[in-house]
Each structure stands twice: as C-alpha cells, then as structure tokens.
Amino acid sequence: MSSKLLYLEGIRGIASFAVYQIHSLRDYNHQFQRFWMLWQEWTITVPLFFVLSGRVLTASPLRKNLTGPIASSALRRPFRLVLPVIGVMIVGWIMFQLGLFDSVCPNSDQSFCPGPDKVPGSFFDLFVRPFLYITNTAGLLPTTFSPKPLPYTAWTLPLEYANSNYVYLLIFILVEFKNQTMVRYLILLGALICTLYTHLWTAHFIVGVIFAELSNNGTLEKIKSHKWTPVINVVLFLIGIFFCVGTSITIGVQTEQWVKYLQVNYYFQFGNWDGYMEEKPMVLLLSAILMFIVETSNFWQKVLGAKVFVFLGRISYTLYLFHPYFNYSIQPLLMKLIDHNSLHGKILLPIICTILVCICSELLVIIIDEPSMKLTSMVYKKLTTLKTNSSNSTVDLVAIEISKEDIEEPNANVDVSSTPLKEEL
C-alpha cells in the first residue's frame, strides 16, 4: 500500500484489535470491555471494516476507469477470504488435539466455547464447509453464529463476500460514465438510499465507495486544505456523538427509533441497541463521520500511519480469526496463574494476553496468510490463462481485458493484502 494510504491500514488494525479486546475482556474485566464498546450495546468495529472494504476495493478501478481490476478482484476474492480461515481452523484443530482448550468455559454463554462439536471433524468440515458458508450469498443477513467448525467471528465473511460482489457490479456501472462526475454521484446516492431503506449492510460498502470516488477526483484533498476543515470536523464529531451515542445528554436512542420506523423492514431487523449483527444506520453515520475526519486530516492520517497501527493492520485478519481459539485455550491458563480479580491482575492479564495473541497472529501471517496470498495469485493466474476453442469465450475476454500489469504486479490487485478487508491500491 502507498505510504500516503497507510492510515487505512491503521484504522483496520485498530478495529481488529478492538474486536479482540471486546471478546477477551468480557471474561474478567467487564468495565474495560465497555470502554472498547464506547459504553454502548453496539460496536463500531464491524461497520468500520465494511466501510473500509468499499473504500479500498474500488479505489484502483475508479481511478483507472477500467473493469479489468474488478474482474481480477472478483476471481481472487473467495480464495483470499477462505484460505486463511482453513489455515486457522487447522491450527485450532491441532490445539484441540493437544488438549489446550480449557475444559470449563470461562464465559457463561456456552455457545462461544470450543469443544468437540466446534472443531473440524472431517475433510468436509475443514475444507468444504468454509467455502460453502462464506460464498453463500443467502447469508447476507445472518441471524445466528457461524457453523460450529468455524471461528464465531466468521459471521462477517459471507457479508464481506456478498457485498464485495455488489460493489463490483456497482463499479461496472460507474465505469460506463467516465468523466461524468455528477451522474456517478447520483448513482451512488441512489444506491445508498436504497440499501439504507431496505436495511442492508451493503450501505456501509457504498459509503466506502463514495469516499474512494471523492478521493480519486481530488475532492478530499480540496476539503483537507480548506482553512475551516478542522472546525467542521470538530462539529461533525460532536453531531455524531449527540445523535448516535446513547447517553443521558444525547438523543441517540430516540434518533435510532425514528430512523428505524423509516425503514421498509424495520420490524424484521433491529436497531443499535438490540443486536450487533444487524445493520445500524446511526452507527453507519458515526462511521462515515469518523472516516471523513480521518480522510480530511493530515494529523490523524499521520497518527494512524504510525508503525504500531500499521503492524496491527498487518496482523488484523489472522488476529480476527485466531483470537476465539486463543481466548479459550491460552487465556484460561493465564487466568489460573494470575489473580484476575485483583487490581494488578486486571492490569497485567490483558497486557500479557495482548502480547501473546499479537505474536501468535504475526506467526500465522507468516505461515498461513502470506502463503494463502501466493496460492490465491497462483489460482488466479491459472484461471486467467485458460484457453478454449472459442476465441470469443468469456474466459478469453476476461483474460484479455486484465492487463499484464494487473496480473503480475502485486500492488495492482486486491488480494495481495494482509487481510480481506483491504485491497492494495
């Protein structure tokens, strides 16, 4: 990724790290967990992931006004999402066979706890089920956790895959209107209104596409250089807190109720305070405000581009997938050794757990994530070099349209990134 865009890596890293902390701290430090959740009943982490996906998936094709990079991304996407999942599941199976999982679940909700029914027991469970689950677009609005052999965090991956395809289709339409900026914005606005009205996670991805379009035509840079931008950003942040966060001095809860009644299927879904697995318009608004502040601030881009946040971005996918296994194997062992009810234990335990899980995630990047990227590229090249007897076949046309640069240069394609939530720009 370009050094100018490292802040996107930083945002993703912080979001993934927050997911880990929320899941880890609920077992021994609920007060600190509430801090990571902004003292709300919802989290902003997954919405930020989805907005980032729309932002980075579409930056290159929108900038080049070419459909070739989209064809490249669409072919790579399922492999890029699934292969690391299979790798982490194999690690989880090995950990279970070694007896590393604690026999007593530390969490009162037993559905989170690993056990014989949560570990892959067959070739189908380990290699086929992840592909079927993640590429099943019928799971666009899941109401339960992932199938048992998968990490429970994998519930977002079918949404990631399905909405990536919707974004690809949207870009195919936008590319048809080269140099017609107003038409492209109208198309994006219409798509956003439609997906908001029908209560779909797709709205988050479209917000990311809008940021990519604003960046590519130079609008964000113009806003960034304006003298009143810092003041506007402060005002937007206060507006976001007032309308989106539920406290005694805000109207976040009431606003969510008003918005919910405007949606076509509000009575089937839920709002911000009823479940984190459902699309939440007000959380999307807060995510968009935060993204706008970062996109138009040199200060925040520099902060988020710091090495520590870029490192978290590098390990974000393996951290996201692996930490459920860590939380119910290594963490319970540490909880037996350290008095987590004492003040020093509440401070020491999260520090030790964080260091260990980050080390494990970095190792998994080396042994699972990076090889999976190479395997994805190899599969992609095989698919795009297939020859048929018909010179006008779909495969030939796709292979012709994707330039040699798109095939051979890692920076031109989506899935050479360290997580599926970001495409190289």
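This note walks through selected features of the structure, point by point.

1. **Basis.** This is a predicted model, in which local features need pLDDT of at least 70, side-chain atom pairs count only at pLDDT 80 or more, and totals for chains, interfaces and linings use all residues. Residues are numbered from 1 along each chain as its sequence is written, and side-chain values use heavy atoms, with hydrogens and water left out.

2. **Salt bridges.** Side chains of opposite charge can pair when their charged atoms come close. The structure holds 8 salt bridges. The term means a side-chain nitrogen of Lys or Arg within 4 Å of a carboxyl oxygen of Asp or Glu.

3. Arginine 12 and glutamate 9 form a salt bridge, with N to O at 2.4 Å. Both residues sit in helix 1 (residues 6–25). They are 3 residues apart, about one turn of the helix. Helices here are DSSP runs (H or I, at least four residues), numbered from the N terminus; strands are also DSSP runs (E, at least two). Arginine 12 and glutamate 9 are both buried. Buried means under 20% relative accessible area, exposed means over 50%, and partly exposed lies in between (1.4 Å probe, protein chains only).

4. **A pair between helices.** Aspartate 369 meets arginine 80 in a salt bridge, with the closest N and O atoms 3.1 Å apart. Aspartate 369 is in helix 17 (residues 343–384) and arginine 80 is in helix 4 (residues 68–97), so the pair ties together parts 289 residues apart in sequence. Both residues are buried.

5. **A partly exposed pair.** Glutamate 370 forms a salt bridge with arginine 314; their closest N and O atoms are 3.2 Å apart. Glutamate 370 lies in helix 17 and arginine 314 in helix 14 (residues 307–314), so this pair ties together parts 56 residues apart in sequence. Glutamate 370 is partly exposed at 28% relative accessible area. Arginine 314 is partly exposed at 27%. A network of salt bridges links Arg314, Glu362 and Glu370.

6. **A nonpolar patch.** A nonpolar surface patch covers about 850 Å². Its residues are Leu343, Ile347, Ile351, Ile355, Leu356, Ile359, Leu363, Ile366 and Ile367. Patch residues have over 30% relative accessible area and no salt bridge; nonpolar side chains (Val, Leu, Ile, Met, Phe, Trp, Tyr) are joined within 5 Å, like charges within 9 Å. Areas come from the Shrake-Rupley method with a 1.4 Å probe; for residues, only the protein chains shown count as cover. Leucine 356 lies in helix 17. Leucine 356 counts as partly exposed, at 31% relative accessibility.

7. **Leucine 157.** This residue lies in helix 6 (residues 156–175). Leucine 157 is buried, at 2% relative accessibility. Leaving aside neighbours within four places in sequence, leucine 157 contacts Leu81, Val85, Ile134, Tyr317 and Leu321. Contact means heavy atoms within 4.5 Å.

8. **Helix 8.** Helix 8 (residues 202–216) has 15 residues, which should span 21 Å at 1.5 Å a residue; its end C-alpha atoms are 21 Å apart, which agrees. The expected span is 1.5 Å times one less than the number of residues. Of the 15 residues, 12 are buried, so helix 8 is largely enclosed by the rest of the structure. Among the buried residues are His204, Phe205, Phe211 and Glu213. The buried residues pack against helix 3 (45–64), helix 6, helix 7 (181–197), helix 9 (219–225) and helix 12 (281–295). Just after helix 8, glycine 218 takes a positive phi of about 85°.
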